[in-house]
Amino acid sequence: MARRSDTAATLSSAEPVAAAKPIPELSGGWPLLGHLPEFQRDPVAMLSRCWREHGELARFRLGPREFVLFTGLEAHDCYFRAPEDQLDARAVYQFTVPIFGRGVAYDVAPEIMAEQLGFLYPALREAAMRRFARIMFEEVSQFADALGDAGEVDLPTAMNELTVNIASRCLLGQEVRDQVDSGFAAAYHDLQEGINALGFFLPRLPIPAHRRRDRARRRIAAILGAIMAERRRSGAAPEDFMHTLMQARYKDGRVLGDDEITGILLTVLFAGQHTSAVLASWMGLAFAAEPGCVAGVREEIEAVYRESGTMDLASLKRQQALERSVRECERLHPPLILLVRKVLKPLDYAGYTVPAGTLAMVSPAVSHRLPHVFADPQRFDPERFAPPASEDKQHHYALIGFGGGKHRCMGKNFAILQLKAIWTVLLDRFDFELETAVPAPNYGSWVTGPRAPCRLRYRRRSQTGVFR
Ligand code: HEM
């Protein structure tokens, strides 16, 4: 049995290993199919079983592919610290190449991808975040106005619309936001539909969904290309990701082509929008189900905003109770339940050797419910992140909803800011009520949101809101 303890000193991957022990295999695999039927039914239940049966490392098969799941703080450490030429993300994310395009992200060498994403870090600095906070407030306020006084929403659809509006304006540019309803959103939707189980294995298979995906990408490239041409003609230089990329140079001095800029923008949009919409939906469900938590968040809203009546980066940063709710939703409902890498060179860990060719996995959904890491892990309790417990601070890789290591999320601060802006405005304006029990997770999609139906009733609160 692999070790369950998390004592760093005894489990370093640098520890001399006498002879590799065999990695224990999860029980109950079928001939040929392995654990595929169980995985398809409920991947998180199956992966939790790996931990319960075998601890930190467990092996299983999905059809012909061999997987090893890494669970627990030291196992995460080994996974996230492994160099790219040992644990490779690129091989796993090939299905994104027809979406993001050739010559960017997972179609290029890891160091070029890092250089491409690195161009965007200046566009996520404090000054940019100040502007984003104002945009988020405007967009959410507009969205709340359109809801009227009372009604019912399909929560994931509503959060999707709102986050497309925010992301298009903050990340892509005002011109894209202006075209969201006249073509961009529809093309983006078709592009998203291009991610399907078949596309994961055969991304170029000429099925109707893939033809629509390719048409949608051409349409988006045309929209973004026209905006770039107009900016060059007019000399417009707005502070956004598109402008940042238009100004950027590779280390060898080369400027980026329009198709590379389109591809990098799509990479960021895909990484950041749907994940944000899904976590915003889980937050809405949590707030509808946890009136005690809402009372604390509203007290804080009152304290932070009653005087100023307006939102900015500094005020959002002061909302620590709300931030703890964001992190608790990330813990219980990480939108990416699995992170996968291909093992290119054998990886030693705690006396085991994970062989080359295996797919190595970490599951935030499983790791976030380890009882020795998070007390009473099934319970929704944002205060677990407040001092003195500060359960998220006990280890760098305890809370991993935004990943870790080289491929950790570059948009984490943006995402948290956005989620706080959304639920500050909505909780200030409305009371929410669930129509049904909290829906179960839908594992049939790349990003794990709540299953349909997922409807919330809302009613304008009788108290006057804090925002003017
Ligand atoms: C709630 C929202 C979000 C969640 C849960 C989330 C989660 C993640 C996770 C788990 C990873 C690591 C994937 C892996 O290791 O394979 C990741 C990577 C990434 N995220 Fe996010 N993300 C969110 C929002 C955003 C936003 C808003 C942006 C952009 C502004 C963004 C941009 C990226 C990019 C570009 C990567 C790839 C980094 C790399 O491979 O070097 N994400 N995200």
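1. Helices here are DSSP runs of H or I with at least four residues, strands are runs of E with at least two, and both are numbered from the N terminus. This is a predicted model: local features need pLDDT of at least 70, side-chain atom pairs count only at pLDDT 80 or more, and totals for chains, interfaces and linings use all residues. Residues are numbered from 1 along each chain as its sequence is written, and side-chain values use heavy atoms, leaving out hydrogens and water.

2. Next, the polar contacts (pairs of N or O atoms within 3.5 Å). Tyr-93 places a polar side-chain atom 2.5 Å from a ligand oxygen. For the His-407 side chain, the distance from an N or O atom to a ligand oxygen is 2.6 Å. For the Arg-341 side chain, that distance is 2.7 Å.

3. Three strands form an open sheet in the order S4-S12-S9, with antiparallel pairing. Two strands pair if DSSP finds at least two bridges between them. The edge strands, S4 (150–154) and S9 (430–434), each pair on one side only.

4. S9 and S12 (455–460) pair over 5 bridges, in the antiparallel sense. Leu-434 stands opposite Leu-456 in S12.

Notes
Polar contact = N/O pair within 3.5 Å; in protein donor to acceptor, adjacent residues only side chain to side chain.
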